[in-house]
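Have the structure open beside you as you read.

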Amino acid sequence: MINPDILCMGCMNPMGDEKVCPICGYDMTSRNNPQALPVKMVVNNRYVIGKVLSVTGEGITYIAWDKGTETVVKIKEYYPRGIVERNPDTSVFIPIDKRYVYNQNLLEFLEINNTLKNQSLASLQEVVDVFETNGTAYVVYQNLQCITLEDFLQRNGGTLKWEQARALLLPLIDTIKAMNDIGVIHKGISPQSIVVGRDGKLRITDYSIGKLRMANGDIEMELTDGYSAIEQYGVLNIPEGDYTDVYGFCATLFRVLIGKDIPKATLRLEDERLSIPSSFASELPRHVLTALANGLKVKPNDRTQDIESLKNELVYGEIAYADEDDEDDDVNAVVTGQQSKEKSSIKTLAISAGITIGAVLLIFLILYFTVLKGDDTDTKSENSSIPVISSEEQSAGEESIVKPNVMLYTVPDFTGKTYAEIMEMDEVKRFEIVIKNKVYSKTYAKGQVCEQSVAKGTEVENETKIEVVISLGPQEFKMPNVIGLDEANAKVELLKAGFLYDNIVVLEKYDENEEPGVILEQEPVYGKKVNADMVVKIYKNSYQGEPEGGDDDEILAEYDRETASQN
(Lines give C-alpha, C1' and ligand atoms only; values in the text may rest on other atoms or scores of the structure.)
Protein backbone atom coordinates (compact mmCIF):
# COMPACT_ATOMS: atom_id res chain seq x y z
CA MET A 1 0.00 0.00 0.00
CA ILE A 2 1.35 3.41 -1.00
CA ASN A 3 1.82 5.92 1.79
CA PRO A 4 0.10 9.19 0.71
CA ASP A 5 2.73 11.14 2.68
CA ILE A 6 5.34 10.44 0.01
CA LEU A 7 3.07 11.62 -2.83
CA CYS A 8 3.36 14.98 -4.55
CA MET A 9 0.19 16.95 -3.88
CA GLY A 10 0.47 18.49 -7.34
CA CYS A 11 0.51 15.33 -9.48
CA MET A 12 0.22 12.43 -6.97
CA ASN A 13 3.46 10.82 -8.12
CA PRO A 14 5.87 9.47 -5.46
CA MET A 15 8.57 12.01 -4.63
CA GLY A 16 10.19 10.61 -1.51
CA ASP A 17 11.92 13.27 0.62
CA GLU A 18 12.08 15.86 -2.17
CA LYS A 19 10.64 19.28 -1.34
CA VAL A 20 9.98 20.21 -4.97
CA CYS A 21 8.47 17.61 -7.26
CA PRO A 22 10.91 16.68 -10.07
CA ILE A 23 7.96 15.80 -12.34
CA CYS A 24 5.54 18.73 -12.04
CA GLY A 25 7.57 21.26 -10.03
CA TYR A 26 5.02 21.49 -7.20
CA ASP A 27 6.48 22.95 -4.00
CA MET A 28 5.41 20.84 -1.05
CA THR A 29 5.31 23.94 1.14
CA SER A 30 2.51 25.37 -1.04
CA ARG A 31 -0.98 25.77 0.36
CA ASN A 32 -4.40 26.00 -1.23
CA ASN A 33 -6.45 29.18 -1.02
CA PRO A 34 -8.22 29.53 2.37
CA GLN A 35 -11.59 29.12 0.63
CA ALA A 36 -10.50 25.69 -0.62
CA LEU A 37 -9.82 22.47 1.27
CA PRO A 38 -6.25 22.16 2.61
CA VAL A 39 -3.79 19.82 0.91
CA LYS A 40 -3.51 16.33 2.45
CA MET A 41 -6.95 16.59 4.03
CA VAL A 42 -8.76 13.24 3.79
CA VAL A 43 -12.39 13.47 2.61
CA ASN A 44 -14.92 10.72 3.26
CA ASN A 45 -12.14 8.65 4.89
CA ARG A 46 -10.82 7.80 1.44
CA TYR A 47 -9.70 10.70 -0.76
CA VAL A 48 -6.52 12.67 -0.06
CA ILE A 49 -6.95 16.22 -1.33
CA GLY A 50 -4.19 17.75 -3.46
CA LYS A 51 -3.82 21.12 -5.13
CA VAL A 52 -6.71 23.07 -6.66
CA LEU A 53 -7.06 22.43 -10.41
CA SER A 54 -9.88 24.83 -11.24
CA VAL A 55 -12.54 27.07 -9.70
CA THR A 56 -15.94 27.78 -11.31
CA GLY A 57 -19.18 29.35 -10.18
CA GLU A 58 -20.32 25.85 -9.30
CA GLY A 59 -17.41 24.63 -7.22
CA ILE A 60 -13.76 23.76 -6.76
CA THR A 61 -11.97 20.85 -8.46
CA TYR A 62 -8.92 19.21 -6.87
CA ILE A 63 -6.47 16.51 -7.83
CA ALA A 64 -6.70 13.73 -5.23
CA TRP A 65 -5.48 10.28 -4.27
CA ASP A 66 -7.98 7.45 -3.87
CA LYS A 67 -6.70 5.29 -1.02
CA GLY A 68 -9.23 2.59 -1.82
CA THR A 69 -8.02 1.94 -5.37
CA GLU A 70 -4.60 3.61 -5.05
CA THR A 71 -5.21 5.71 -8.13
CA VAL A 72 -5.19 9.40 -9.00
CA VAL A 73 -8.64 10.98 -9.29
CA LYS A 74 -10.23 14.40 -9.58
CA ILE A 75 -12.77 15.67 -7.05
CA LYS A 76 -15.22 18.49 -7.56
CA GLU A 77 -16.62 20.08 -4.43
CA TYR A 78 -20.00 21.81 -4.67
CA TYR A 79 -18.98 25.26 -3.47
CA PRO A 80 -21.00 27.92 -5.36
CA ARG A 81 -18.95 31.09 -5.54
CA GLY A 82 -20.46 34.11 -3.83
CA ILE A 83 -23.00 32.03 -1.91
CA VAL A 84 -20.97 30.06 0.65
CA GLU A 85 -17.96 30.55 2.88
CA ARG A 86 -15.45 28.20 4.50
CA ASN A 87 -15.68 27.51 8.23
CA PRO A 88 -12.48 27.09 10.28
CA ASP A 89 -13.18 23.34 10.49
CA THR A 90 -13.28 23.23 6.63
CA SER A 91 -17.05 22.67 6.52
CA VAL A 92 -19.26 24.90 4.38
CA PHE A 93 -21.16 27.84 5.86
CA ILE A 94 -24.36 28.96 4.11
CA PRO A 95 -25.90 32.32 5.12
CA ILE A 96 -29.61 32.05 6.00
CA ASP A 97 -30.73 34.17 3.04
CA LYS A 98 -28.79 31.93 0.64
CA ARG A 99 -29.87 28.53 1.93
CA TYR A 100 -32.83 28.03 -0.41
CA VAL A 101 -30.73 28.77 -3.47
CA TYR A 102 -27.86 26.67 -2.14
CA ASN A 103 -30.03 23.62 -1.40
CA GLN A 104 -31.94 23.88 -4.67
CA ASN A 105 -28.73 23.77 -6.70
CA LEU A 106 -27.23 21.14 -4.40
CA LEU A 107 -30.06 18.76 -5.25
CA GLU A 108 -29.44 19.32 -8.97
CA PHE A 109 -25.69 18.78 -8.47
CA LEU A 110 -26.37 15.43 -6.82
CA GLU A 111 -29.00 14.42 -9.36
CA ILE A 112 -26.83 15.16 -12.40
CA ASN A 113 -23.75 13.42 -11.07
CA ASN A 114 -25.63 10.38 -9.79
CA THR A 115 -27.17 10.14 -13.25
CA LEU A 116 -23.72 10.31 -14.86
CA LYS A 117 -22.44 7.68 -12.45
CA ASN A 118 -25.09 5.26 -13.65
CA GLN A 119 -24.33 5.80 -17.34
CA SER A 120 -21.92 3.58 -19.22
CA LEU A 121 -20.92 5.74 -22.17
CA ALA A 122 -17.53 5.50 -23.85
CA SER A 123 -17.44 9.19 -24.75
CA LEU A 124 -18.23 10.49 -21.28
CA GLN A 125 -15.80 11.28 -18.48
CA GLU A 126 -16.44 8.53 -15.94
CA VAL A 127 -17.96 9.44 -12.56
CA VAL A 128 -16.42 7.21 -9.91
CA ASP A 129 -18.23 8.32 -6.76
CA VAL A 130 -20.77 10.81 -5.43
CA PHE A 131 -21.19 11.55 -1.73
CA GLU A 132 -22.21 14.17 0.82
CA THR A 133 -20.04 15.29 3.71
CA ASN A 134 -18.56 18.42 5.23
CA GLY A 135 -21.87 20.25 4.77
CA THR A 136 -21.80 19.90 0.99
CA ALA A 137 -21.47 17.33 -1.83
CA TYR A 138 -18.60 15.91 -3.87
CA VAL A 139 -18.23 14.09 -7.17
CA VAL A 140 -15.17 11.98 -7.98
CA TYR A 141 -14.05 11.69 -11.61
CA GLN A 142 -11.66 9.40 -13.41
CA ASN A 143 -8.37 11.22 -13.91
CA LEU A 144 -8.14 11.17 -17.69
CA GLN A 145 -4.72 11.35 -19.28
CA CYS A 146 -5.67 13.86 -21.88
CA ILE A 147 -5.41 17.31 -23.41
CA THR A 148 -8.28 19.54 -24.45
CA LEU A 149 -9.53 19.40 -28.02
CA GLU A 150 -8.46 23.04 -28.38
CA ASP A 151 -4.88 22.16 -27.40
CA PHE A 152 -4.93 19.16 -29.71
CA LEU A 153 -6.03 21.32 -32.66
CA GLN A 154 -3.42 23.99 -31.97
CA ARG A 155 -0.68 21.36 -32.00
CA ASN A 156 -1.96 19.72 -35.17
CA GLY A 157 -2.18 22.64 -37.56
CA GLY A 158 -5.38 24.20 -36.23
CA THR A 159 -7.94 22.15 -38.18
CA LEU A 160 -8.91 18.63 -39.15
CA LYS A 161 -10.25 17.29 -42.44
CA TRP A 162 -13.84 16.06 -42.38
CA GLU A 163 -12.62 12.46 -42.80
CA GLN A 164 -10.61 12.85 -39.58
CA ALA A 165 -13.25 14.80 -37.66
CA ARG A 166 -16.00 12.37 -38.63
CA ALA A 167 -14.45 9.38 -36.86
CA LEU A 168 -13.56 11.46 -33.78
CA LEU A 169 -16.75 13.46 -33.31
CA LEU A 170 -19.62 11.21 -34.39
CA PRO A 171 -19.33 9.00 -31.26
CA LEU A 172 -19.86 12.13 -29.16
CA ILE A 173 -23.28 12.59 -30.76
CA ASP A 174 -24.49 9.30 -29.28
CA THR A 175 -23.33 10.34 -25.81
CA ILE A 176 -25.01 13.75 -26.07
CA LYS A 177 -28.22 12.09 -27.29
CA ALA A 178 -28.18 9.58 -24.43
CA MET A 179 -27.84 12.40 -21.90
CA ASN A 180 -30.48 14.59 -23.59
CA ASP A 181 -32.88 11.63 -23.64
CA ILE A 182 -32.78 11.46 -19.85
CA GLY A 183 -33.14 15.21 -19.46
CA VAL A 184 -29.50 16.23 -18.95
CA ILE A 185 -28.36 19.11 -21.16
CA HIS A 186 -24.68 20.03 -21.13
CA LYS A 187 -24.98 23.67 -22.28
CA GLY A 188 -21.20 24.00 -22.38
CA ILE A 189 -20.00 21.88 -25.29
CA SER A 190 -16.85 23.43 -26.70
CA PRO A 191 -13.24 22.54 -27.56
CA GLN A 192 -12.45 23.25 -23.90
CA SER A 193 -14.97 20.77 -22.46
CA ILE A 194 -14.04 18.00 -24.92
CA VAL A 195 -10.75 16.22 -24.27
CA VAL A 196 -8.54 13.92 -26.34
CA GLY A 197 -7.24 10.92 -24.44
CA ARG A 198 -4.00 9.11 -25.03
CA ASP A 199 -6.09 6.34 -26.56
CA GLY A 200 -7.07 8.80 -29.31
CA LYS A 201 -10.72 8.96 -28.22
CA LEU A 202 -12.69 12.10 -27.47
CA ARG A 203 -14.68 12.45 -24.26
CA ILE A 204 -17.10 15.04 -22.93
CA THR A 205 -16.34 16.59 -19.55
CA ASP A 206 -17.69 19.41 -17.37
CA TYR A 207 -21.36 18.59 -16.98
CA SER A 208 -22.68 21.10 -14.43
CA ILE A 209 -25.82 22.44 -12.83
CA GLY A 210 -28.01 24.31 -15.29
CA LYS A 211 -27.81 27.76 -13.73
CA LEU A 212 -24.05 27.89 -14.18
CA ARG A 213 -24.58 28.26 -17.92
CA MET A 214 -27.71 30.40 -18.02
CA ALA A 215 -27.99 34.17 -17.61
CA ASN A 216 -30.12 35.75 -14.89
CA GLY A 217 -29.54 32.87 -12.53
CA ASP A 218 -28.73 33.01 -8.84
CA ILE A 219 -25.13 31.88 -9.22
CA GLU A 220 -22.28 33.38 -11.20
CA MET A 221 -22.80 32.30 -14.81
CA GLU A 222 -20.03 30.96 -17.02
CA LEU A 223 -20.71 31.04 -20.75
CA THR A 224 -18.29 30.39 -23.60
CA ASP A 225 -18.73 33.05 -26.26
CA GLY A 226 -18.94 31.51 -29.70
CA TYR A 227 -20.26 28.21 -28.31
CA SER A 228 -23.07 29.26 -25.97
CA ALA A 229 -26.44 29.62 -27.71
CA ILE A 230 -28.55 32.77 -27.71
CA GLU A 231 -31.07 31.32 -25.23
CA GLN A 232 -28.32 31.00 -22.64
CA TYR A 233 -27.84 34.77 -22.60
CA GLY A 234 -31.46 35.40 -21.59
CA VAL A 235 -32.01 37.66 -24.61
CA LEU A 236 -35.07 36.00 -26.18
CA ASN A 237 -36.64 34.66 -22.99
CA ILE A 238 -36.52 31.13 -24.41
CA PRO A 239 -35.57 28.18 -22.17
CA GLU A 240 -32.66 25.90 -22.94
CA GLY A 241 -33.38 22.61 -24.67
CA ASP A 242 -31.80 19.82 -26.68
CA TYR A 243 -31.24 22.43 -29.40
CA THR A 244 -28.82 24.20 -27.04
CA ASP A 245 -26.41 21.26 -27.22
CA VAL A 246 -26.92 21.13 -31.00
CA TYR A 247 -25.60 24.71 -31.21
CA GLY A 248 -22.58 23.94 -29.01
CA PHE A 249 -21.71 20.80 -30.95
CA CYS A 250 -22.04 22.52 -34.35
CA ALA A 251 -19.95 25.48 -33.15
CA THR A 252 -17.29 22.98 -32.05
CA LEU A 253 -17.44 21.17 -35.39
CA PHE A 254 -17.12 24.54 -37.15
CA ARG A 255 -13.98 25.29 -35.10
CA VAL A 256 -12.52 21.85 -35.89
CA LEU A 257 -13.12 22.13 -39.63
CA ILE A 258 -12.61 25.85 -40.26
CA GLY A 259 -10.11 26.76 -37.54
CA LYS A 260 -11.90 29.72 -35.95
CA ASP A 261 -14.61 30.48 -33.40
CA ILE A 262 -17.93 31.87 -34.56
CA PRO A 263 -18.98 35.26 -33.13
CA LYS A 264 -20.86 35.57 -29.85
CA ALA A 265 -24.51 34.56 -30.31
CA THR A 266 -25.84 37.97 -29.24
CA LEU A 267 -23.81 39.58 -32.04
CA ARG A 268 -25.41 37.27 -34.60
CA LEU A 269 -28.99 38.35 -33.93
CA GLU A 270 -28.91 41.03 -36.60
CA ASP A 271 -26.90 39.01 -39.10
CA GLU A 272 -26.42 35.32 -38.43
CA ARG A 273 -24.32 34.70 -41.52
CA LEU A 274 -20.77 33.46 -41.08
CA SER A 275 -17.76 33.49 -43.36
CA ILE A 276 -15.62 30.63 -44.55
CA PRO A 277 -12.65 30.73 -46.96
CA SER A 278 -13.57 29.21 -50.30
CA SER A 279 -10.73 26.70 -49.99
CA PHE A 280 -12.47 25.14 -46.99
CA ALA A 281 -15.94 25.31 -48.54
CA SER A 282 -14.83 23.49 -51.69
CA GLU A 283 -13.36 20.61 -49.65
CA LEU A 284 -16.28 20.07 -47.26
CA PRO A 285 -19.13 17.74 -48.30
CA ARG A 286 -22.37 19.57 -49.02
CA HIS A 287 -24.31 17.64 -46.38
CA VAL A 288 -21.82 18.79 -43.72
CA LEU A 289 -22.28 22.42 -44.74
CA THR A 290 -26.04 21.94 -44.64
CA ALA A 291 -25.89 20.37 -41.17
CA LEU A 292 -23.74 23.25 -39.88
CA ALA A 293 -26.12 25.79 -41.41
CA ASN A 294 -29.13 24.26 -39.72
CA GLY A 295 -27.40 23.66 -36.39
CA LEU A 296 -26.00 27.19 -36.10
CA LYS A 297 -29.23 29.09 -36.63
CA VAL A 298 -29.36 31.77 -33.94
CA LYS A 299 -33.05 31.46 -33.05
CA PRO A 300 -33.88 28.10 -31.45
CA ASN A 301 -37.10 27.68 -33.42
CA ASP A 302 -35.13 27.86 -36.68
CA ARG A 303 -32.35 25.57 -35.47
CA THR A 304 -32.05 21.78 -35.72
CA GLN A 305 -34.16 20.74 -32.75
CA ASP A 306 -32.23 17.79 -31.36
CA ILE A 307 -28.96 15.95 -31.69
CA GLU A 308 -30.66 12.94 -33.33
CA SER A 309 -31.81 15.15 -36.22
CA LEU A 310 -28.27 16.50 -36.56
CA LYS A 311 -26.97 12.95 -36.64
CA ASN A 312 -29.46 12.13 -39.40
CA GLU A 313 -28.12 14.99 -41.49
CA LEU A 314 -24.51 13.95 -40.98
CA VAL A 315 -24.88 10.16 -41.17
CA TYR A 316 -27.51 9.88 -43.90
CA GLY A 317 -25.86 12.64 -45.86
CA GLU A 318 -22.65 10.59 -45.63
CA ILE A 319 -24.38 7.64 -47.24
CA ALA A 320 -25.79 9.79 -50.01
CA TYR A 321 -22.34 10.99 -51.04
CA ALA A 322 -20.49 7.72 -50.57
CA ASP A 323 -19.53 5.73 -53.66
CA GLU A 324 -22.06 3.05 -54.65
CA ASP A 325 -20.84 -0.54 -54.25
CA ASP A 326 -20.82 -2.93 -57.21
CA GLU A 327 -23.21 -5.75 -56.30
CA ASP A 328 -21.06 -8.33 -58.11
CA ASP A 329 -19.57 -10.64 -55.48
CA ASP A 330 -16.32 -10.84 -57.49
CA VAL A 331 -15.83 -7.11 -57.00
CA ASN A 332 -16.36 -7.38 -53.24
CA ALA A 333 -13.01 -9.09 -52.78
CA VAL A 334 -11.05 -8.93 -49.55
CA VAL A 335 -9.12 -5.64 -49.35
CA THR A 336 -6.10 -5.59 -47.06
CA GLY A 337 -2.75 -3.86 -46.64
CA GLN A 338 -1.58 -1.97 -49.73
CA GLN A 339 -4.81 -2.78 -51.60
CA SER A 340 -6.71 -0.84 -48.96
CA LYS A 341 -4.41 2.15 -49.34
CA GLU A 342 -4.69 2.09 -53.13
CA LYS A 343 -8.49 1.91 -52.94
CA SER A 344 -8.56 4.80 -50.52
CA SER A 345 -6.22 6.88 -52.69
CA ILE A 346 -8.28 6.25 -55.83
CA LYS A 347 -11.48 7.18 -53.97
CA THR A 348 -9.84 10.34 -52.66
CA LEU A 349 -8.68 11.35 -56.14
CA ALA A 350 -12.12 10.68 -57.58
CA ILE A 351 -13.82 12.76 -54.92
CA SER A 352 -11.30 15.57 -55.36
CA ALA A 353 -11.85 15.57 -59.12
CA GLY A 354 -15.60 15.67 -58.61
CA ILE A 355 -15.28 18.62 -56.25
CA THR A 356 -13.10 20.50 -58.73
CA ILE A 357 -15.49 19.92 -61.65
CA GLY A 358 -18.51 20.91 -59.60
CA ALA A 359 -17.00 23.93 -57.84
CA VAL A 360 -19.36 26.42 -59.47
CA LEU A 361 -22.38 24.29 -58.63
CA LEU A 362 -21.14 23.87 -55.07
CA ILE A 363 -20.89 27.63 -54.58
CA PHE A 364 -24.48 28.01 -55.80
CA LEU A 365 -25.67 25.32 -53.40
CA ILE A 366 -23.83 26.87 -50.47
CA LEU A 367 -25.68 30.12 -51.11
CA TYR A 368 -28.90 28.32 -50.32
CA PHE A 369 -27.94 25.91 -47.62
CA THR A 370 -25.36 27.41 -45.28
CA VAL A 371 -25.04 30.23 -42.83
CA LEU A 372 -21.55 30.95 -44.13
CA LYS A 373 -20.95 34.41 -45.59
CA GLY A 374 -17.93 35.91 -47.28
CA ASP A 375 -16.62 39.39 -46.78
CA ASP A 376 -17.76 41.43 -49.80
CA THR A 377 -14.69 43.64 -49.62
CA ASP A 378 -12.39 40.61 -49.91
CA THR A 379 -13.92 38.76 -52.82
CA LYS A 380 -10.90 39.31 -55.07
CA SER A 381 -8.30 38.22 -52.57
CA GLU A 382 -6.68 34.82 -52.49
CA ASN A 383 -8.54 33.85 -49.33
CA SER A 384 -11.84 35.33 -50.45
CA SER A 385 -14.94 34.15 -48.63
CA ILE A 386 -18.13 32.82 -50.13
CA PRO A 387 -21.15 35.06 -49.52
CA VAL A 388 -24.10 33.07 -48.25
CA ILE A 389 -27.65 34.34 -48.05
CA SER A 390 -29.72 33.50 -44.99
CA SER A 391 -33.18 31.97 -45.30
CA GLU A 392 -34.73 35.27 -44.22
CA GLU A 393 -32.97 37.14 -47.06
CA GLN A 394 -33.87 34.45 -49.56
CA SER A 395 -37.57 35.00 -48.91
CA ALA A 396 -37.39 38.80 -48.49
CA GLY A 397 -38.15 39.43 -52.17
CA GLU A 398 -41.33 37.37 -52.18
CA GLU A 399 -42.49 38.81 -48.87
CA SER A 400 -42.27 42.35 -50.24
CA ILE A 401 -44.65 41.39 -53.04
CA VAL A 402 -47.10 39.04 -51.37
CA LYS A 403 -47.73 37.90 -47.82
CA PRO A 404 -46.52 34.36 -46.97
CA ASN A 405 -49.96 33.28 -45.71
CA VAL A 406 -51.46 34.09 -49.11
CA MET A 407 -48.92 32.42 -51.40
CA LEU A 408 -49.30 28.64 -51.83
CA TYR A 409 -46.60 26.26 -53.00
CA THR A 410 -46.88 22.83 -54.60
CA VAL A 411 -45.34 19.94 -52.64
CA PRO A 412 -42.82 17.97 -54.75
CA ASP A 413 -42.47 14.20 -54.78
CA PHE A 414 -39.76 13.43 -52.22
CA THR A 415 -40.05 9.64 -52.39
CA GLY A 416 -37.07 7.87 -53.91
CA LYS A 417 -34.74 10.76 -53.07
CA THR A 418 -32.17 10.83 -50.30
CA TYR A 419 -32.37 13.41 -47.54
CA ALA A 420 -29.28 15.12 -48.93
CA GLU A 421 -30.81 15.26 -52.43
CA ILE A 422 -33.99 16.80 -51.02
CA MET A 423 -32.02 19.51 -49.24
CA GLU A 424 -30.40 20.43 -52.57
CA MET A 425 -33.74 21.04 -54.30
CA ASP A 426 -34.46 24.71 -55.04
CA GLU A 427 -38.06 24.48 -53.83
CA VAL A 428 -37.25 22.75 -50.54
CA LYS A 429 -36.65 26.09 -48.82
CA ARG A 430 -40.43 26.58 -48.91
CA PHE A 431 -41.01 23.70 -46.51
CA GLU A 432 -39.82 22.42 -43.14
CA ILE A 433 -38.53 18.90 -43.78
CA VAL A 434 -38.41 16.65 -40.70
CA ILE A 435 -37.28 13.03 -40.54
CA LYS A 436 -40.08 11.28 -38.66
CA ASN A 437 -38.96 7.67 -38.72
CA LYS A 438 -36.76 5.06 -40.39
CA VAL A 439 -38.20 1.75 -41.60
CA TYR A 440 -37.09 -1.29 -43.59
CA SER A 441 -38.10 -1.35 -47.23
CA LYS A 442 -37.57 -3.73 -50.14
CA THR A 443 -38.74 -1.07 -52.58
CA TYR A 444 -36.51 1.85 -51.62
CA ALA A 445 -32.73 1.77 -51.12
CA LYS A 446 -31.20 2.67 -47.80
CA GLY A 447 -31.30 6.42 -47.23
CA GLN A 448 -34.15 7.11 -49.66
CA VAL A 449 -37.47 8.64 -48.60
CA CYS A 450 -40.24 6.05 -48.75
CA GLU A 451 -43.10 8.12 -47.30
CA GLN A 452 -44.04 11.78 -46.91
CA SER A 453 -46.75 13.23 -44.69
CA VAL A 454 -48.07 15.67 -47.31
CA ALA A 455 -48.85 14.14 -50.71
CA LYS A 456 -47.08 15.39 -53.80
CA GLY A 457 -49.02 18.00 -55.71
CA THR A 458 -50.71 19.38 -52.58
CA GLU A 459 -50.70 23.17 -52.34
CA VAL A 460 -49.60 24.42 -48.93
CA GLU A 461 -48.44 27.64 -47.26
CA ASN A 462 -44.86 28.72 -46.86
CA GLU A 463 -42.83 26.78 -44.23
CA THR A 464 -45.37 23.96 -43.96
CA LYS A 465 -43.94 21.03 -41.97
CA ILE A 466 -43.52 17.86 -44.02
CA GLU A 467 -42.47 14.67 -42.24
CA VAL A 468 -40.58 12.05 -44.22
CA VAL A 469 -39.80 8.42 -43.48
CA ILE A 470 -36.32 7.18 -44.43
CA SER A 471 -35.74 3.69 -45.76
CA LEU A 472 -33.28 1.46 -43.94
CA GLY A 473 -33.13 -0.74 -47.03
CA PRO A 474 -34.06 -4.43 -47.02
CA GLN A 475 -34.00 -6.11 -43.65
CA GLU A 476 -31.88 -8.99 -44.95
CA PHE A 477 -28.69 -8.60 -46.98
CA LYS A 478 -25.19 -9.99 -47.36
CA MET A 479 -22.51 -8.98 -44.88
CA PRO A 480 -20.03 -6.66 -46.64
CA ASN A 481 -16.28 -6.89 -46.25
CA VAL A 482 -14.63 -4.11 -44.21
CA ILE A 483 -11.35 -5.83 -43.34
CA GLY A 484 -8.42 -3.60 -44.21
CA LEU A 485 -10.42 -0.36 -44.06
CA ASP A 486 -10.00 2.29 -41.38
CA GLU A 487 -12.76 2.74 -38.79
CA ALA A 488 -14.48 5.68 -40.49
CA ASN A 489 -14.72 4.05 -43.93
CA ALA A 490 -15.71 0.71 -42.39
CA LYS A 491 -18.65 2.38 -40.68
CA VAL A 492 -19.77 4.02 -43.92
CA GLU A 493 -19.68 0.66 -45.71
CA LEU A 494 -21.74 -0.95 -42.95
CA LEU A 495 -24.25 1.90 -43.00
CA LYS A 496 -24.57 1.60 -46.77
CA ALA A 497 -25.16 -2.14 -46.43
CA GLY A 498 -28.09 -1.53 -44.06
CA PHE A 499 -26.82 -1.83 -40.49
CA LEU A 500 -28.08 0.66 -37.92
CA TYR A 501 -25.50 3.14 -36.70
CA ASP A 502 -26.14 2.21 -33.06
CA ASN A 503 -25.52 -1.48 -33.81
CA ILE A 504 -21.95 -0.99 -35.04
CA VAL A 505 -19.56 -1.87 -32.21
CA VAL A 506 -15.85 -1.08 -32.51
CA LEU A 507 -13.47 -3.24 -30.48
CA GLU A 508 -9.70 -3.38 -30.43
CA LYS A 509 -7.21 -6.12 -31.28
CA TYR A 510 -3.41 -5.91 -31.44
CA ASP A 511 -1.44 -7.05 -34.47
CA GLU A 512 1.92 -5.41 -35.19
CA ASN A 513 2.10 -7.17 -38.55
CA GLU A 514 -0.81 -5.14 -39.92
CA GLU A 515 -1.24 -1.41 -40.43
CA PRO A 516 -2.26 0.65 -37.38
CA GLY A 517 -5.95 1.47 -37.18
CA VAL A 518 -7.21 -0.90 -39.88
CA ILE A 519 -10.00 -3.41 -39.29
CA LEU A 520 -8.54 -6.86 -38.60
CA GLU A 521 -11.67 -8.94 -38.09
CA GLN A 522 -15.44 -8.60 -38.38
CA GLU A 523 -18.45 -10.40 -36.97
CA PRO A 524 -20.49 -11.60 -38.85
CA VAL A 525 -18.02 -12.72 -41.50
CA TYR A 526 -18.02 -11.44 -45.08
CA GLY A 527 -20.79 -12.86 -47.29
CA LYS A 528 -23.00 -14.18 -44.49
CA LYS A 529 -26.72 -13.43 -44.75
CA VAL A 530 -27.58 -10.88 -42.06
CA ASN A 531 -30.31 -8.43 -41.07
CA ALA A 532 -30.19 -4.79 -40.04
CA ASP A 533 -31.18 -5.50 -36.43
CA MET A 534 -28.03 -7.50 -35.80
CA VAL A 535 -25.07 -6.12 -33.88
CA VAL A 536 -21.94 -6.07 -36.01
CA LYS A 537 -18.52 -6.07 -34.38
CA ILE A 538 -15.41 -4.75 -36.06
CA TYR A 539 -11.96 -5.19 -34.53
CA LYS A 540 -9.62 -2.27 -35.09
CA ASN A 541 -5.87 -2.73 -34.87
CA SER A 542 -4.69 -1.03 -31.67
CA TYR A 543 -1.05 -1.26 -32.75
CA GLN A 544 0.25 2.32 -32.99
CA GLY A 545 3.24 1.65 -35.21
CA GLU A 546 6.88 2.38 -34.54
CA PRO A 547 7.41 5.78 -32.89
CA GLU A 548 8.88 8.26 -35.35
CA GLY A 549 9.08 11.29 -33.10
CA GLY A 550 6.54 13.21 -35.20
CA ASP A 551 4.09 15.84 -34.00
CA ASP A 552 1.34 13.39 -33.04
CA ASP A 553 3.74 11.18 -31.12
CA GLU A 554 5.10 14.22 -29.32
CA ILE A 555 1.61 15.41 -28.37
CA LEU A 556 0.78 12.16 -26.65
CA ALA A 557 4.24 11.46 -25.27
CA GLU A 558 4.60 14.86 -23.66
CA TYR A 559 1.55 14.23 -21.50
CA ASP A 560 3.76 12.34 -19.08
CA ARG A 561 5.85 15.47 -18.73
CA GLU A 562 2.95 17.93 -18.64
CA THR A 563 0.14 16.17 -16.78
CA ALA A 564 0.37 18.27 -13.67
CA SER A 565 0.80 21.60 -15.46
CA GLN A 566 -2.17 20.88 -17.78
CA ASN A 567 -4.31 19.92 -14.82
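Predicted model: local features only at pLDDT ≥ 70, side-chain atom pairs only at ≥ 80, totals over all residues.

1. Let's begin with a pair of strands. β19 and strand β21 (residues 536-541) pair in the antiparallel sense over four bridges.

2. Three strands make up an open sheet with mixed pairing, in the order β18-β21-β19. The edges are taken by β18 (504-509) and β19 (519-523), each with a single partner strand, so one side of each is left without a neighbour in the sheet. On average, neighbouring strands here are turned by 25° against each other, direction ignored.

3. A helix joins this picture. Helix α13 (residues 487-497) packs on the sheet and touches β18, β19 and β21. The direction of α13 makes about 145° with that of β18.

4. Next, a helix pair. Helix α3 (residues 162-181) packs against helix α4 (residues 242-258) at an angle of about 165°, and their axes are 11 Å apart. Angles over 145 degrees count as roughly antiparallel, and α3 and α4 are therefore roughly antiparallel to each other. The crossing of α3 past α4 is right-handed. Residues making the contact include Trp162, Leu169 and Ile176 of α3 and Asp242, Phe249 and Leu253 of α4. By class, this contact has ten nonpolar, one polar and two charged residues.

5. Finally, a single residue in a loop. Thr90 lies between β5 (85-86) and β6 (92-93). Is Thr90 buried or exposed? Its relative accessible area is 16%, so Thr90 is buried. Leaving aside residues up to four places away in sequence, Thr90 touches Leu37, Pro38, Met41 and Asn134.

Note on methods:
Residues numbered from 1 in each chain as written. Heavy atoms only, no water. Helix = DSSP H or I, 4+ residues; strand = E, 2+ residues; numbered from the N terminus. Buried < 20%, exposed > 50% of the residue type's maximum accessible area, 1.4 Å probe, protein only. Contact = heavy atoms within 4.5 Å. Pairing = 2+ DSSP bridges. Axes fitted to C-alpha atoms, helices over the stretch in contact; angles between N-to-C directions. Parallel < 35°, antiparallel > 145°, perpendicular 65-115°, else oblique. Left-handed = near helix turned anticlockwise from the far one by under 90°. Nonpolar A, V, L, I, M, F, W, Y, C, P; charged D, E, K, R; others polar.
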